[in-house]
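I open this notebook to record what I looked up in one model. The entries follow the order in which I consulted it.

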Amino acid sequence: MFGLNRIYLMGTLVRDPECRVGGSGDAKTDFRIAVDDSRRNRFGEFVKKTLFIDVISFGAQAESVHRYLNQGSRVLVEGRLILDEWKTREGLERSTYRVVASSVQFLDPPVSRQTASPESPSSSDRPDTSPPIGDIPFL
């Protein structure tokens with residue numbers, strides 16, 4: 001059977017990435033992006049829907065995602081779609097689709113996330129380094 005499982009998504013992180021390191025020392029980072037799916041309906045009215053998509057990255061890429069991205073960061077994700085299935089404690093079957101990232105491109109200038117310490121400012125105290133909208137030549 002011949003098939004192709006490749007997906008490209010451009011969106012915005014809806015929460016800070018969560019990184020875990022396994023027993024082998026490999027990093028795994030989970031994050032969720034919001035992707036706008038806007039179009040006109042059959043009556044010509046503009047309809048905007050937002051898709052929320054879970055993404056998983058591994059290894060050095062996972063470490064970079066965790067270190068440089070935070071809620072509100074814009075990304076371009078290339079990867080493959082997987083189906084996760086499990087049973088709840090009550091015995092109900094659940095499933096969800098996720099994207100396993102093969103590439104995550106940062107669309108905003110990266111700002112290194114600092115580890116929480118009394119001397120370091122929190123992520124909300126960091127200055128906004130994004131350029132004003134009028135200064136972006138391709139918009």
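Which polar contact joins the side chains of Asp54 and Arg32? I found one of 2.7 Å between them; a polar contact is a pair of N or O atoms within 3.5 Å, where, within protein, one must be able to donate a hydrogen and the other to accept it, and residues adjacent in sequence count only if both atoms are side-chain atoms.

**Entry: basis of the model.** I noted that this is a predicted model, in which local features need pLDDT of at least 70 and side-chain atom pairs count only at pLDDT 80 or more, while totals for chains, interfaces and linings use all residues. Residues are numbered from 1 along each chain as its sequence is written, and side-chain values use heavy atoms, with hydrogens and water left out.

**Entry: confidence.** The mean pLDDT (the predictor's confidence in each residue, from 0 to 100) of the chain is 84, and 78% of its residues reach 70 or more. Over residues 115–139 I saw pLDDT stay under 50, and the model has 12 contacts beyond four places in sequence for them; contact means heavy atoms within 4.5 Å. Where pLDDT is low, the predicted coordinates should not be read in detail.

**Entry: Asp54.** I located Asp54 in strand β4 (residues 46–58); strands (E, at least two residues) are DSSP runs, numbered from the N terminus. Asp54 counts as buried at 15% relative accessibility, where buried means under 20% relative accessible area, exposed over 50%, and partly exposed in between (1.4 Å probe, protein chains only). Not counting residues up to four places away in sequence, Asp54 touches Arg15, Phe31, Arg32, Arg98 and Val99.

**Entry: salt bridges.** I counted nine salt bridges, each a side-chain nitrogen of Lys or Arg within 4 Å of a carboxyl oxygen of Asp or Glu. Arg32 and Asp54 form one of them, with their closest N and O atoms 2.7 Å apart. Arg32 lies in strand β3 (residues 27–40) and Asp54 in strand β4, so this pair ties together parts that are 22 residues apart in sequence. Arg32 is partly exposed, at 30% relative accessible area.

I then checked Arg98 and Asp84, whose side chains meet in a salt bridge of 3.0 Å, N to O. Because Arg98 lies in strand β6 (residues 93–106) and Asp84 in strand β5 (residues 74–87), the pair ties together parts 14 residues apart in sequence. Arg98 is partly exposed at 23%, and Asp84 is partly exposed at 23%. Salt bridges that share partners join Arg15, Glu18, Arg20 and Asp30 into one network.

Technical notes
Helix = DSSP H or I, 4+ residues; strand = E, 2+ residues; numbered from the N terminus.
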